[in-house]
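I am opening this notebook to record what I looked up in the structure below, entry by entry. Each entry begins with the terms that it needs.

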Amino acid sequence: MDSRTAHLFNRRVQLLIEVTDDPDEISLAQDLLTAEGWTVRDPTDEEAAPVGPRRRGLVVEVRLRGARRGARKEAVRRVEQLAARACLGLWVRRSMLLQPPQEWRTEYRVRLIPPTEGTRFARWALRLVRRVDGSHDQRALSRPGPPDRAAAVDEMADSWFGTGAYDPTTEAVHGPADSPDGSATRPMDLSTGEGLLKVCLWTAALVGSLLGCLAAAGVLYVVDSLWRWAVLLPVLMLAIPLGAYFTPHTWPRYRKVLGGLGEIAAMLGVGYLTISAMPVSSDRILVVVPLTALGVGLFAWTAYGVWLALVPSWFSRNASWLLPALLAPLYFLLPWFGKLLYVLYLSLGFDIPVDAIPVTTYSFMYAGLKPIGLAAGFALFFVAVAGWARHFYWGNSSGGGIPAFLLPAVAAQYVLTALLFGALTAGTAWSEAADAVKAGRNPASYYGLSGKLMCVRPQSKDVAIYNGPLPTHRPVLTFGSTGERIWLWGPQDSGSGGARWASMSVRLEDVTLTPARPGGRCASARN
């Protein structure tokens, strides 16, 4: 299997194909199939019985990565597509999805016997060292069938494997206990209806437990009475199923219950901290809890979809240098994009130059982080859709990867989403800030840029004003200054009885700026 086609696979489909009985056709078919990383062999007499006259039979094992549903059909499609591209006389006669046999096995591990010589502290220290340095579980035995400790000990003592035989004087065999009545519970088999039902019930119980813990955390946060602690009683009863679900089946019952209590405590703590951090009122917390669960589910769906899309692929094989190469430009991209948003907000909105306002590079990065992060989230969502489509063989390429057009499409969507969202947020922020100034209020901060209403009083009548006149009866908006001049935004008399809002610039030494009074009034304004 060459490096181009070598990849992880989790499905195997065996095909019986018919090829025109010609040496050139057979050689070409074998070369093409093996080049795809599939194994090819001659069929047995029983397998070759259905092959028609003037045909040569071959058995091909196609290896895929994806869901079990649709794997057989996808394998047939790939082989037929390969034959069609090569103008090869090849037909699929039979196809079958290979399933590994499910065998019940019991594992036994060999551990050192606890020391009996020396002081109590010395024996305890030796047991601790053995646990830490890995002296235990150096050998193991996996037997088919239910637990049978006596048979495992006999096999370990009678056989020689590795560097030495089993020594019962210094070693002991550990594993699941034998059933007292000779019967043991078989592991869950998803191929049977009973096993699948158990998995579905346990999954439903797990999701219900998680929602119940979130709801209990919401009740603890909302209710102030001492009766709120009563909600913990039904929640604590979930410790038994949760402990049985997450802990190893070899643990005793009390350890499973303790493990379940720890899981409930963790979910309650995370839920309480999450709900207390939400900027919502107390009466809406119980409504936000299921929405938060849906959000977590969407995040998990997207994350696993991205994993399905990129692993294994060219991206995963080159991630060691690709991720640093993609993240390095962010140091230059974030300030540039943030400055672009400030240009939209200041220059296009208030007609104030960005360079005339005291803004740090970190403010530019902060402004550009939200649109770029949102665009990245949308891009990852579409990559996840492609990953799930790849998993279920929808619109796959011949090699089973994601479509070739996905990368430029996601890149274009990423750029357009960042620009569109940034422009919309900048325009909305400018509109709200302008309305607040006209109403006599200080505007909200825009990514660290805080404007203030100030009253302007000229030092003399002969003051040079860019785009004057300078209003003195109403406060004007200013974002500060970085040089000798300051830029203002406020109302000006248009000469037709109304007022137009425009920007103006004046030297700092020619004016006096004082904070506006409550309600957006100046001391010189008439009541």
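I count two residues as in contact when they have heavy atoms within 4.5 Å of each other. What I have is a predicted model, in which local features need pLDDT of at least 70 and side-chain atom pairs count only at pLDDT 80 or more, while totals for chains, interfaces and linings use all residues. Residues are numbered from 1 along each chain as its sequence is written, and side-chain values use heavy atoms, with hydrogens and water left out.

Entry on Trp 430. I looked up what Trp 430 touches, leaving aside its neighbours within four places in sequence, and found Tyr 345, Gly 349 and Phe 350. Trp 430 lies in helix 14, where helices (H or I, at least four residues) and strands (E, at least two) are DSSP runs numbered from the N terminus. I use buried for under 20% relative accessible area, exposed for over 50% and partly exposed for what lies in between, with a 1.4 Å probe and protein chains only. Trp 430 has a relative accessible area of 30% and is therefore partly exposed. I also noted that 9.7 Å separates the C-alpha atoms of Trp 430 and Ala 444, which are 14 residues apart along the chain.

Entry on the whole chain. I find 14 helices and 15 strands in the protein chain, and 32% of its 527 residues count as buried. Among the contacts in the chain with a separation of 6 or more, 70% come from residues 24 or more positions apart.

Entry on helices 13 and 14. How do helix 13 and helix 14 pack? Helix 13 (residues 361–391) and helix 14 (residues 406–438) meet at an angle of about 150 degrees, with their axes 8 Å apart; the axes are lines fitted to C-alpha atoms, for helices over the stretch in contact, and angles run from 0 to 180 degrees between N-to-C directions. The two helices are therefore roughly antiparallel, given that angles under 35 degrees count as roughly parallel, over 145 as roughly antiparallel, 65 to 115 as roughly perpendicular and the rest as oblique. On the helix 13 side I noted residues including Ala 375, Phe 378 and Phe 382, which face residues of helix 14 including Tyr 414, Thr 417 and Phe 421. The residues of this contact divide into 15 nonpolar, 3 polar and 1 charged, where Ala, Val, Leu, Ile, Met, Phe, Trp, Tyr, Cys and Pro count as nonpolar, Asp, Glu, Lys and Arg as charged, and the others, Gly among them, as polar.

Entry on Thr 417. Is Thr 417 buried or exposed? Thr 417, which is found in helix 14, counts as buried because its relative accessibility is 18%. Setting aside its neighbours within four places in sequence, I see Thr 417 in contact with Ala 375 and Phe 378.

Entry on the core. By a nonpolar core I mean a set of buried Ala, Val, Leu, Ile, Met, Phe, Trp, Tyr and Cys residues joined through side-chain atoms within 4.5 Å. The largest one has 30 residues, and those with the most contacts inside it include Tyr 342, Tyr 345 and Leu 449. Helix 12 (330–350), helix 13, helix 14 and strand 13 (485–493) each give two or more residues to this core, and helix 12 gives the most, with 7 residues. Not counting residues up to four places away in sequence, Leu 449 touches Tyr 342, Tyr 345, Leu 346, Ile 357, Val 359, Ala 444 and Phe 479.
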